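Hi,

Here is the structure I said I would pass on.

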Amino acid sequence: MNRRIEILGIEVDALTHDALFERIETAINNDERCIVANHNLHSIYLYHHDDEMRNFYRNADATIVDGMSIIFLSRLRGLPLSR
């Protein structure tokens, strides 16, 4: 089951690599579109300052974290994100 987590004013999916790969594989097998977005500190800044970026992330099928600083912050807050 996918869990969405809010951190720094954004939402991300707490997916393992296996769960993400499974989601992508399912989309491929079903000939479906699958948008996987990733957040780092710069994209979080853009998300908060650019309507087009917010729309992109809102339309993504999965949003993951790309950056250890965000993962470390999530761990400090007790949120289940990993790399």
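Which residues does Ile10 touch, not counting residues up to four places away in sequence? They are Ile5, His39, Ile44, Tyr47 and His48, where a contact means heavy atoms within 4.5 Å.

Before the rest, some housekeeping. This is a predicted model, so local features need pLDDT of at least 70 and side-chain atom pairs count only at pLDDT 80 or more, while totals for chains, interfaces and linings use all residues. Residues are numbered from 1 along each chain as its sequence is written, and side-chain values use heavy atoms, with hydrogens and water left out.

Back to Ile10. Together with Ile7, Val12 and Val65, Ile10 touches the most other members of the largest nonpolar core, which has 13 residues. (A nonpolar core is a set of buried Ala, Val, Leu, Ile, Met, Phe, Trp, Tyr and Cys residues joined through side-chain atoms within 4.5 Å; buried means under 20% relative accessible area, exposed over 50%, and partly exposed in between, using a 1.4 Å probe and protein chains only.) At least two residues of this core come from each of strand S1 (4-7), strand S2 (10-13), helix H2 (41-49) and helix H4 (68-76). Helices (H or I, at least four residues) and strands (E, at least two) are DSSP runs, numbered from the N terminus.

Next, the rings. Two aromatic pairs turn up, counting rings of Phe, Tyr and Trp (its six-membered ring) with centres within 6.5 Å; planes under 30 degrees apart are stacked, over 60 edge-to-face, and the rest tilted. Tyr47 and Tyr57 are edge-to-face, because their planes sit at 70°, with the ring centres 6.1 Å apart. Since Tyr47 is in helix H2 and Tyr57 in helix H3, that pair ties together parts 10 residues apart in sequence. Phe56 and Tyr57 make an edge-to-face pair too, at 5.2 Å centre to centre and 80° between the planes. Ring pairs therefore link Tyr47, Phe56 and Tyr57 into a cluster. Tyr47 is buried at 13% relative accessible area and Tyr57 is buried at 8%, whereas Phe56 is partly exposed at 38%.

Last, have a look at Arg54 in helix H3 (residues 51-59). Arg54 is buried, at 17% relative accessible area. A polar atom of the Arg54 side chain lies 2.7 Å from the backbone oxygen of Tyr47. Leaving out residues up to four places away in sequence, Arg54 touches Tyr47, His48 and His49.

Cheers

Technical notes: A polar contact is a pair of N or O atoms within 3.5 Å; within protein, one must be able to donate a hydrogen and the other to accept it, and residues adjacent in sequence count only if both atoms are side-chain atoms.
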